[in-house]
Amino acid sequence: MNFNVNYVDPSLVNTGKASYFFFNDGEQVTIANSIDGRYIADTVRTGSYVLDRMAYKITDESAAQNLAEKGYYSIAFTANEMPPTPLKPPLPPLPVDPVNPVDPVDPVNPVDPVNPVDPVNPVDPVNPVDPVNPVTPVKNIAADLQAAQAGLLASDDMIHRIAGSITQHLDARHMGENSAQTADSNVWMDGIYSGGDRTAGTTEYSNDISGFQLGADTSWALANGDTLSIGAGLGYLHNDLDVTSSDGSNDIDGNYYSLYAGWTQHQAEGQNWHLFADTTATYGDMSYSASGKDGTLKAGGDYDGNSWLWQARVGAQINLAQDWWVQPYTVLGYSQTETDAYNDGYSHVADGKFSAGFAGAGVKAGKNITLKGGQVLRPYIETSYVGRFSEDTKFNTSDYNFGGQNLNGGSVGAGLNAQLSKNWSTTAKVNTLVASDVSNEVHAYLGAEFKF
């Protein structure tokens, strides 16, 4: 073991919290926590990492030695369990002493000769541990820091769910357009759910996102028959995030404020398609409560943050024979999340940041089904692929940082829009994300809209 301890927090002395010690920012700290690949420490935190089977004692040397200057402390480490000593390789058999040969056998009473050791096949010695390439111990990151790390990345997923709710309603209107455009106003609401498992380095976590969004927009016709629309949304999401790689969690709340605008091309008589484009800007006011437990050690803290997203889409509504249609589209955008610095009671966690651009394309395909009562059902399927670029992740304590996660991947889903009357309609959609660091992901939207 090699411990270079520069600073012991005075608040630890005689408090019963002798399982934590600190280092100042910028100090070089080396901790070797294994011998021959075996861990030897016990539930000790060095700001970010949790060590195994190690105890230590802090002494106020200023008081013990009656020093005039106060603030000097010493720290002594003890391991309450040491790894067993490696077995030594067995010794090869001793050769026969050539100086004292065996007495000749009495020819009258010969003795059965002893089988000699086969010199061709000696006993193989046990391979010793390679001193050049020792086993590297896995870093055990403190549970509450894993929760804060996961919370930074989960915030990006949350704001994408808000943007997806807005485009869900805009796309639903295009599905019903197969004639000249009309100007109208709409109010709508969505219920939102998202859950799944994700990985970020050595941290594994599960999202459990739920909430809602309210929106309203109005449109007007241009001289050439095209229409423009502008709207606003107000949403709320809660994420009951669980860290599955440790005993940690993070309760995340976000209030979201959105502005969006759209353009729809005039579809002339006899034409079966038209173009559309829209853009969305969303800002999220975030709050976090990260906590974790390592053995009997608990840590955590509350802190705030913010996130924002901008995206633009261009697509086409293509109406086919027998009420079938397809809706291809492309998307380009950028998102960013920032979290404030805080202290979890034992470590200073610096402010965090995650930002990334995203671009992709997708297509929806479905059919309009008119019921006897005049209602119109529009079931559809959707597939898309979105890639990330220019990713930048910053999350640091004095001795730990990580580099984000891989979310490049495809999405597959299905939905149903229903025109219930001249004014009322509903939307529903479920899809899943398939990516390298994502599994068991489900996104769901259920909404209603009133047109006037």
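Let's start with a word you'll need on this tour: a residue is buried when its relative accessible area is under 20%, exposed when that is over 50%, and partly exposed in between, using a 1.4 Å probe and protein chains only. What you have open is a predicted model, where local features need pLDDT of at least 70 and side-chain atom pairs count only at pLDDT 80 or more, while totals for chains, interfaces and linings use all residues. Residues are numbered from 1 along each chain as its sequence is written, and side-chain values use heavy atoms, with hydrogens and water left out.

**First stop: S185**

Select S185, in strand 7. Buried or exposed? Its relative accessibility is 15%, so S185 counts as buried. Now show what S185 is in contact with (heavy atoms within 4.5 Å): leaving aside neighbours within four places in sequence, you'll find D217, T218, F450, K451 and F452. Zoom in on T218, whose side chain makes a polar contact with the side chain of S185 at 2.8 Å. A polar contact here is a pair of N or O atoms within 3.5 Å; within protein, one must be able to donate a hydrogen and the other to accept it, and residues adjacent in sequence count only if both atoms are side-chain atoms.

**Zoom out**

Switch to a cartoon view of the whole protein, with its two helices and 23 strands. These are DSSP runs numbered from the N terminus: helices are H or I with at least four residues, strands are E with at least two. Of the 452 residues, 42% are buried.

**The nonpolar core**

Next, select M158, L237, L241, I252 and Y256. These have the most contacts inside the largest nonpolar core, which has 38 residues. Such a core is a set of buried Ala, Val, Leu, Ile, Met, Phe, Trp, Tyr and Cys residues joined through side-chain atoms within 4.5 Å. Colour helix 2 (143–175) and strand 9 (227–243), which are among the elements giving two or more residues to this core. Helix 2 gives the most, with eleven residues. Click on L241 and look beyond its neighbours within four places in sequence: its contacts include A150, A154, Y205 and I252.

**The largest cavity**

How many cavities of 30 Å³ or more does a search of the whole structure find? There are two, and the largest holds about 670 Å³ of space. To find it, select H160, R161, S384, V386 and S411, the closest to its centre of the 33 residues that line it. Helix 2 also gives the most to this lining, with ten residues.

**R388**

Stay with strand 18 (residues 376–394) and pick R388. At 17% relative accessibility, R388 counts as buried. Its side chain makes a polar contact with the side chain of D156, at 3.2 Å. Not counting residues up to four places away in sequence, R388 also touches H160, F354 and L407, among others.

**Last stop: A414**

Finish in strand 21 with A414. This residue is partly exposed, with a relative accessible area of 39%. Select Y380, I381, K429 and V430 to see what A414 touches, not counting residues up to four places away in sequence.

Conventions
1 Å grid on protein atoms, 1.4 Å probe; cavity = no way out; pocket = protein on both sides within 12 Å on 5 of 7 lines; lining within 4 Å. Points joined across faces, edges and corners; volume = space filled by probe spheres on them.
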